[in-house]
Amino acid sequence: MKKIQMVDLQGQYKKIQPQVDKAILNVIESAAFINGPEVKQFQSDLETYLNVKHVIPCANGTDALQIAMMGLGLEQGDEVITADFTFAATVEVIALLKLTPVLVDVEADTFNMDIDALKKAITPKTKAIVPVHLFGQCANMEAVLEIAKANNLFVIEDTAQAIGADYIFKDGTSKKAGTIGNVGTTSFFPSKNLGCYGDGGAIFTNDDALAHIIRGIVNHGMYKRYYHDVVGVNSRLDSMQAAVLKLKLPLLDSYCDTRRKAAEYYNDKFSVSNKITTPITSSFSSHVFHQYTLQVTGVDRNALHQHLLDNNIPNAIYYPVPLHSQKAYADKRYKEENFTVTNTLIETVISLPMHTELDIEQQNFIIETILDFVR
Ligand SMILES: *Cc1c(COP(=O)(O)O)cnc(C)c1O
């Protein structure tokens with residue numbers, strides 16, 4: 001059996017090695033490392049794939065969130081609501097911009113923002129909602145949009161874990177994750193579903209005026225060379241990363257399918273145990289399984305984590321500490337009874353190896369090792 005990895009980037013690279021090597025060499029030979037033609041080509045390919053008017057590439061997914069919030073003109077003291085159970089980047093940029101993060105609990109079955117909790121968190125100071133499409137499926141966007149409309153709020157979708165997922169509206173139409181709210185953001189970190197070979201990110205919007213503002217912000221606030229109209233940042237996707245992404249974008253749907261098949265196989269085999277809850281797929285979203293995350297009950301989760309490591313099965317606890325309990329984001333207004341789901345999830349979740357190169361032999365070994373332990 002091949003050594004099991006949490007994410008097998010080497011195995012994935014081997015399958016496209018000649019094309020990738022050639023694309024990278026082309027960039028080196030052209031010496032157009034920054035703003036080379038690959039960046040524009042990838043941007044345009046991604047606009048077509050997502051069916052969105054504007055993609056603005058940038059340096060990483062954290063910058064993408066920050067720049068989206070800057071572009072919307074959010075100001076000090078504005079409250080921005082996001083999920084308690086997510087990667088810290090989401091809340092970090094809110095705090096960094098001196099906006100006020102307001103964390104809300106998530107749903108136990110989808111791990112995504114709880115709509116009732118969101119409603120309760122709205123105050124006259126609320127200006128934006130940041131739903132995070134966690135682990136590869138969309139938050140309940142129709143409900144989020146309705147609440148945003150009723151309260152005149154911006155919606156910023158953190159799509160770092162769900163690029164390629166489809167959101168299915170009640171009328172049967174669908175849109176790509178990240179293109180539903182006012183603005184969406186993503187990350188091309190190597191282990192994400194569409195990963196480059198370094199750092200990368202992007203911002204998506206259908207709003208022409210917002211796209212214009214954001215294009216200036218990523219480039220030092222310049223709309224005309226050496227005229228700085230607003231305070232901006234330096235956040236670029238470099239040409240080598242764009243070349244890799246341009247090559248991998250046409251493979252994204254098949255990558256997501258492969259992950260989905262692996263998830264179905266896990267789901268089926270774990271169904272024999274009543275101590276294991278497998279991830280559900282919402283009726284309103286496809287799932288691209290950035291993570292495959294189980295919840296275990298009546299099982300010592302930390303002991304299972306260690307047992308798997310002892311058997312050379314990598315696995316991870318995403319996330320071990322809720323954001324509302326992090327020192328940096330403590331707020332006297334938070335009450336533990338409002339975070340019962342997140343407080344439970346941090347003790348019951350365990351994410352298993354999930355990637356495009358996982359084979360049946362590896363999956364069977366992972367499954368048997370887990371079922372043996374929980375029995
Ligand atoms: C990865 C990730 C980010 C940040 O992306 P980087 O490219 O690492 O800056 C933001 N939000 C979520 C939910 C993520 O998973």
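A helix here is a DSSP run of H or I at least four residues long, a strand is a run of E of at least two, and both are numbered from the N terminus. With that settled, take helix α9, residues 252–270: Arg260 and Asp257 are three residues apart in it, so they are separated by about one helical turn.

Before going on, a word on the source. This is a predicted model, in which local features need pLDDT of at least 70 and side-chain atom pairs count only at pLDDT 80 or more, while totals for chains, interfaces and linings use all residues. Residues are numbered from 1 along each chain as its sequence is written, and side-chain values use heavy atoms, with hydrogens and water left out.

Back to Arg260 and Asp257. Their side chains meet in a salt bridge, 2.7 Å from N to O. A salt bridge means a side-chain nitrogen of Lys or Arg within 4 Å of a carboxyl oxygen of Asp or Glu. Arg260 is partly exposed at 24% relative accessibility, and Asp257 is partly exposed at 34%. Here buried is under 20% relative accessible area, exposed is over 50%, and partly exposed is in between, with a 1.4 Å probe and protein chains only.

How many salt bridges does a search of the whole structure find? It finds nine. Salt bridges that share partners join Glu79, Asp331 and Arg333 into one network.

Lys246 and Asp45 form a salt bridge, with the closest N and O atoms 3.3 Å apart. Lys246 sits in helix α8 (residues 239–248) and Asp45 in helix α2 (residues 37–50), 201 residues apart. Lys127 pairs with Asp78 in a salt bridge at 3.5 Å between the closest N and O atoms. Lys127 is in strand β4 (residues 126–130), and Asp78 is in the loop between α3 (61–71) and β2 (79–83). Is Asp78 buried or exposed? Asp78 counts as buried, at 11% relative accessibility, whereas Lys127 is partly exposed at 33%.

Now the ligand. Of the 13 residues around the ligand, those that come nearest are Gly61, Thr62, Asp158, Ser187 and Lys192; a residue is near if one of its heavy atoms lies within 4 Å. A polar backbone atom of Gly61 is 2.7 Å from a ligand oxygen, and a polar side-chain atom of Thr62 is 2.5 Å from a ligand oxygen. For Asp158, a side-chain N or O atom lies 2.8 Å from a ligand nitrogen.

How values were computed
Polar contact = N/O pair within 3.5 Å; in protein donor to acceptor, adjacent residues only side chain to side chain.
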